[in-house]
Every structure is written in C-alpha cells, then in structure tokens.
Amino acid sequence: MAPKDGGEASSKLVLYSYWQSSCSWRVRFALNLKGLSYEYKAVNLAKGEQFTPEFEKLNPLHFVPVLVDGDVVVSDSYAILMYLEEKYPQRTLLPADPQQKALNLQVASIISSSIQPLLMLSILKYLEEKVGLEERLLFVQTNIEKGFLALEKLLKDFVGKYATGEEVYMADVFMAPQIAVATERFKIDMSKFPTLSRIYESQRALPEFLAASPERQPDAVH
Amino acid sequence: MAHEEKKLKLYSYWRSSCSCRIRIALNLKGLEYQYIPVNLLKGEQFSPEFQKLNPIGYVPVLVDGDIVISDSFAIFMYLEEKYPQHPLLPSDLQKKALNFQAANIVCSSIQPLQNLAVLKYIEEKASPDEKIPWAKRHIEKGFEALEKLLKDHAGIYATGDEVFMADLFLAPQVHAGIKRFNVDMAKFPLLSRLNEAYSELPHFQNAMPENQPDSPSAWGSMANSSTKSIKCHK
C-alpha cells in the first residue's frame with residue numbers, strides 16, 4: 001500500500017504531505033484503510049516549501065496535509081477525513097451508532113484541538129525563546145498527558161481491541177500517530193495510560209498504519 | 001414559567017466560544033434546551049460530577065436523554081444528524097469540506113491557542129504582558145487564513161448565501177477577537193462584513209456571551225431560571 005512517488009498521472013487523488021507530520025500521517029493511514037491509492041507530493045516543511053505561492057494557493061494556512069481530488073481541494077486533516085468518509089464510504093471510519101460516532105469525533109477533536117496544536121513547531125520555537133527548553137518540554141509533556149489522561153478516562157468503558165470497539169475507526173486514525181509522536185519525540189511514559197497503551201499495540205500492528213508511518217514515506221530522511 | 005423537564009441539556013459557560021457555537025446551532029434548529037452553567041473561572045469543570053460527563057473538563061457538553069456528547073464538533077455533527085431541520089451543512093461535497101476547513105481553522109488553529117488554560121500558562125511562565133499579544137497573534141494568523149480561504153466562496157455568509165457550519169464557528173471567534181482581545185478588524189474586511197451580518201441574526205445574538213444566564217451582565221443576573229428556550233419564529 002505504498003504511495004506512488006511523483007509520476008503516476010492516472011492517480012486521481014493527490015496528497016501533499018510531509019513525512020514527519022502527524023496530521024499527514026492520519027490521512028495516509030485513512031487512505032490506506034480505504035484502499036485508496038494516491039500520488040504523494042512532498043512539501044518540505046524544514047525548507048519552508050509550505051510558504052511557496054503555489055502551496056499557499058492550496059492552503060492559505062501553510063499546513064499539510066492537503067488533498068486534491070480532481071477539482072476538489074481540501075486542507076486540514078479533519079476536513080479531509082470527513083470528505084473521504086463521505087466520498088469513499090468503503091471501510092467506513094465512523095460507526096453508525098450516534099453515541100459511538102460522537103465518541104470517535106470527540107477523540108479526534110481532543111487530539112486535533114487539545115493536543116497537536118500545542119506541539120507545533122512555531123509554538124515550540126516561541127516557547128523556547130520565552131521560557132527556555134526545559135520549561136518547554138514540561139509544557140509539551142503536560143499538555144500531551146492532560147489529553148491522554150482524558151482519553152484514558154473517556155475510552156475506558158468503550159474500548160475493545162481498538163479505541164472504540166473491535167473495529168478501527170476515526171479515533172484510531174487520530175490516536176495512533178499521536179501516540180507514536182508522543183513516545184518517540186516527546187518521551188511520554190505510556191505506562192501511565194494502560195488503556196491507551198493496549199489499544200496502541202493493536203493499532204501499530206496494522207499494515208495500513210505501518211505503511212503510513214514517516215520512515216516509509218518517499219521524503220523520509222534516514 | 002413551568003419547569004418542565006427539557007430533554008436537551010447543555011452544559012455551557014457564557015464566555016466559551018465553543019459553547020456559543022452550539023447555542024447558535026440549537027437556536028437555528030429551534031431546539032429548546034436547559035442551560036446548565038459551568039463556571040470555568042471557579043473551576044467547576046473539575047468537579048467529580050462534571051469530570052464524569054467530560055474527562056477533559058471542557059464545555060460544552062450536550063445531554064440528550066441517555067446520550068452524552070462533549071466537544072463542539074462532535075455535538076454539532078450529532079445535532080445535524082439527529083435534528084435535520086434547518087440543515088447546517090451544504091450537500092455539495094466541496095462546499096461541505098470548505099465548511100469543515102473553516103470550522104477547523106477556528107477549532108484547531110485559533111481557539112486552543114487562546115483558551116483560558118493556555119493564557120494562564122503564558123501569564124505565569126512567560127509574563128502577563130505576553131498574554132494578549134500571544135492571543136492576538138494566533139487569532140490574527142487564523143483570521144488571515146480565513147480571509148484567504150473564504151474570499152472566493154463567501155456570499156452573504158461565510159460559504160454562500162445561507163448560514164452553515166462555518167458561520168457558527170466563525171461568529172463566536174470573531175466576537176471574542178473583538179471583545180476580549182482587541183483585534184483590529186480593519187485588516188479583515190470579509191470577517192468584518194460577516195460579523196455585521198451575524199449581528200442582524202437573532203439566533204446568533206441570543207447565543208452570544210452577554211446574553212447567557214450566567215453572564216455577569218445585568219441581563220444575566222435577571223434570569224433566575226436556568227431554563228432557556230428560543231422559539232424559532234422564522
């Protein structure tokens with residue numbers, strides 16, 4: 001399920017992505033789950049390629065990922081995932097039951113609004129300047145742990161093999177990349193979150209998740 | 001007024017822009033609800049009862065019979081599906097995606113960076129003088145992006161001539177930007193125009209912070225009942 005690098009003009013879907021972006025990871029994971037092939041277009045955030053006029057036209061906020069589906073251009077991973085869910089309903093990522101569906105959307109929001117934005121490079125740079133590296137790491141860890149603790153409590157009564165039951169859904173799509181980043185980049189001690197740890201073990205075993213991981217992307221730097 | 005048991009309950013804080021989004025939605029859909037205030041400044045979100053409803057301690061929380069939903073995005077999608085009157089999402093997929101994008105610029109790129117918890121942190125760890133500039137910077141960055149995103153799509157409202165999800169998420173954020181953080185709206189002509197349009201909609205205005213039962217304003221203190229209902233006259 002590896003992405004095609006460059007040339008395949010017949011691929012209708014194009015994903016602008018950065019290998020290390022956890023938001024891009026979510027979408028890559030979902031595309032794999034839905035069996036959708038796509039053209040991978042790397043946007044080198046480290047080199048500032050998100051600020052080119054061409055990319056700005058695609059996303060005025062200068063973030064990846066951006067999905068192009070024929071004439072349709074969607075940025076923001078949450079919006080992309082909602083779009084994919086409706087346009088390509090195979091391997092549905094949202095359960096039909098309203099409470100379960102809401103739970104998945106809530107988990108996605110906790111991650112995309114309460115955790116990930118506070119880990120952005122621009123925020124980290126600001127904090128390094130204003131409060132120093134040590135305090136910055138504390139800030140990051142505190143916010144991740146606050147979010148993970150909330151997820152731990154929230155999912156306790158709903159969890160199965162995956163976040164909200166026996167199937168992989170939207171909550172897993174958001175969670176798995178976030179836990180990966182939290183452990184690898186920010187050294188979060190997952191033993192404090194036994195439910196999340198257990199779910200993560202199932203998630204990280206999925207070939208669709210692995211194929212979407214940073215190191216396997218065409219623009220990965222080894 | 002009879003205290004009938006209202007099926008819908010909304011846990012809300014007057015000034016919470018996330019709560020405001022849902023208050024607008026409930027008004028537009030003509031849904032009556034019981035307003036249950038959660039005083040964030042007093043830490044009521046950390047009470048054991050509230051933590052059971054929402055372990056991350058945020059408002060809003062919607063209770064609909066047996067169903068408990070927190071997070072404004074999740075609540076919005078639930079309401080949209082369960083109560084399809086006055087649809088708040090267009091059927092066209094690109095336009096729908098545009099609404100999700102605009103909503104998420106607010107939810108993920110602006111609001112989390114100017115909420116109470118983060119501002120408190122900046123005040124304590126950086127300095128009190130950094131607080132407002134920090135909030136303003138993130139709001140303005142987000143507003144710039146929204147101007148660009150919506151420029152070719154806006155009509156009377158954010159994504160056309162009907163009120164949709166984007167408007168529900170924009171209105172409270174623009175309101176907060178103006179009232180609390182002194183954002184210079186002259187830089188944002190589209191958002192300024194939209195703000196004017198929202199100011200003429202009773203369903204939006206009734207949902208604004210100053211008009212809530214727990215608002216410290218004179219209006220708020222007069223409301224001695226925690227029941228709130230808006231009848232949809234349109």
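Which domains does the domain assignment of chain B give? In this predicted model, the assignment gives domain 1 (9-86) and domain 2 (93-209).

**View 1. The two domains of chain B.** Domain 1 of chain B covers 9-86, and domain 2 of chain B covers 93-209. Their C-alpha centres lie 19 Å apart. Contact between the two involves 18 residues of domain 1 of chain B and 20 residues of domain 2 of chain B.

**View 2. Area buried between domain 1 and domain 2 of chain B.** About 1900 Å² is buried between the two domains, and carbon and sulfur atoms give 74% of this area. On the side of domain 1 of chain B, Arg21(B), Ile24(B) and Phe73(B) supply 33% of the area buried against domain 2 of chain B, more than any other three residues.

**View 3. Polar contacts and salt bridges across the interface of domain 1 and domain 2 of chain B.** The count of salt bridges between the two domains is 0. For polar contact, the rule finds 2 residue pairs across this interface, both at pLDDT 80 or more.

**View 4. The side of domain 1 of chain B that touches domain 2 of chain B.** Helix H1 (17-28) and helix H3 (72-82) of chain B each supply at least two residues of this side. H1(B) gives the largest share, 9 residues. Sorted by class, this side of domain 1 of chain B has 12 nonpolar, 3 polar and 3 charged residues.

Conventions
Residues are numbered from 1 along each chain as its sequence is written. Chains are lettered from A and ligands numbered from 1 in the order in which they are written. This is a predicted model: local features need pLDDT of at least 70, side-chain atom pairs count only at pLDDT 80 or more; totals for chains, interfaces and linings use all residues. Side-chain values use heavy atoms; hydrogens and water are left out. Domain bounds come from an automatic or database domain assignment. Contact means heavy atoms within 4.5 Å. Buried area is the accessible area (1.4 Å probe) that two parts lose on being put together, summed over both. A salt bridge is a side-chain nitrogen of Lys or Arg within 4 Å of a carboxyl oxygen of Asp or Glu. A polar contact is a pair of N or O atoms within 3.5 Å; within protein, one must be able to donate a hydrogen and the other to accept it, and residues adjacent in sequence count only if both atoms are side-chain atoms. Helices (H or I, at least four residues) and strands (E, at least two) are DSSP runs, numbered from the N terminus. Ala, Val, Leu, Ile, Met, Phe, Trp, Tyr, Cys and Pro count as nonpolar, Asp, Glu, Lys and Arg as charged, and the others, Gly among them, as polar.
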